[in-house]
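Please read the numbered points with the sequence and the model at hand.

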Amino acid sequence: MVGTLLNVATVVVGSGAGMLVGSRLPERIRQTVLHGLGLMTLVIGMSMALQTQNPLRMLAALLLGGVIGEWLGLEERLQALGRWLETRVSGRGEEGSSFVKGFVTASLVFCVGPMTILGSIQDGLTGNYTLLAIKATLDGFASLAFSASLGIGVMFAALTVLIYQGSLTLGAGLVKAILTEAMITEMTAVGGTMILGIGLLLLDIKRVRVASFLPGLLIAPLLVALTPTINAILIRLGIPLTP
């Protein structure tokens with residue numbers, strides 16, 4: 001858990017520094033910083049999404065994940081959690097507030113990516129938290145920039161990091177036994193596509209219900225595991241559609 005605790009600390013420190021700096025910046029500068037983050041988020045998301053070895057499989061994971069996520073109301077639940085935290089902090093929890101936007105955006109950015117999965121597994125199995133230390137550094141700078149524009153909600157994303165990464169670390173043995181390199185690649189690609197949605201949100205282009213796609217991160221490795229079986233069925237039917 002050393003790597004996760006370090007990550008939590010950098011998010012808290014980075015967010016605190018960002019709020020100190022952000023309050024001294026004019027609105028136009030904060031907007032420019034936010035748009036710069038949006039552009040960079042698009043670049044990162046695209047680089048991750050292009051790692052897929054099978055676009056059809058990634059599409060299936062996203063669509064199925066989106067349907068399941070909407071059925072479970074994941075977007076509303078994450079928004080509600082943000083409003084609940086805001087109520088505890090400031091006494092008000094408003095729909096669409098900057099606190100909620102900062103919490104939801106930062107939570108998704110900090111927890112979707114290969115470093116989160118691989119770093120947590122490595123930390124849990126061997127105690128080597130090098131990958132998570134690198135991620136912690138990146139998240140610290142990102143939280144500084146995010147909080148300068150979106151405020152204290154970004155700091156509370158440290159709770160999401162603690163719960164999500166901590167769970168992966170504690171369950172590292174089980175996760176390591178299940179996930180293959182191909183599975184992690186497809187999870188990364190699906191996560192990258194979700195990050196593209198966050199970039200569109202930060203640029204005020206389109207509000208994508210990114211949290212609803214979260215089940216796609218679980219469906220992607222499942223589809224990889226089922227590919228040989230699916231291929232065998234398709235070959236028998238004379239339509240080998242997947243490589």
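1. In this predicted model, Glu76 is partly exposed, with a relative accessible area of 40%. Its side chain meets that of Arg209 in a salt bridge, at 2.4 Å from N to O. Glu76 belongs to helix H4 and Arg209 to the loop between H10 and H11, so that 133 residues separate the two. Arg209 is likewise partly exposed, at 27%. Glu70 joins Glu76 and Arg209 in a network of salt bridges.

2. Glu75 forms a salt bridge with Arg207, with the closest N and O atoms 3.2 Å apart. Glu75 lies in helix H4 (residues 74-90) and Arg207 in the loop between H10 and helix H11 (216-236), so this pair ties together parts 132 residues apart in sequence. Glu75 is buried, at 4% relative accessibility, whereas Arg207 is partly exposed, at 46%.

3. A salt bridge of 3.7 Å (N to O) also joins the side chains of Arg57 and Glu186. Arg57 is in helix H3 (residues 55-72) and Glu186 in helix H10 (residues 181-202), 129 residues apart. Arg57 is buried, with a relative accessible area of 15%, and Glu186 is buried at 1%. The count of salt bridges comes to five.

4. Thr4, in helix H1 (residues 2-22), has 0% relative accessibility and therefore counts as buried. Its side chain makes a polar contact of 3.5 Å with the side chain of Gln165. Leaving aside neighbours within four places in sequence, the residues in contact with Thr4 include Asp123, Leu132, Val161 and Thr169.

Notes. Residues are numbered from 1 along each chain as its sequence is written. This is a predicted model: local features need pLDDT of at least 70, side-chain atom pairs count only at pLDDT 80 or more; totals for chains, interfaces and linings use all residues. Side-chain values use heavy atoms; hydrogens and water are left out. Helices (H or I, at least four residues) and strands (E, at least two) are DSSP runs, numbered from the N terminus. Buried means under 20% relative accessible area, exposed over 50%, partly exposed in between (1.4 Å probe, protein chains only). A polar contact is a pair of N or O atoms within 3.5 Å; within protein, one must be able to donate a hydrogen and the other to accept it, and residues adjacent in sequence count only if both atoms are side-chain atoms. Contact means heavy atoms within 4.5 Å. A salt bridge is a side-chain nitrogen of Lys or Arg within 4 Å of a carboxyl oxygen of Asp or Glu.
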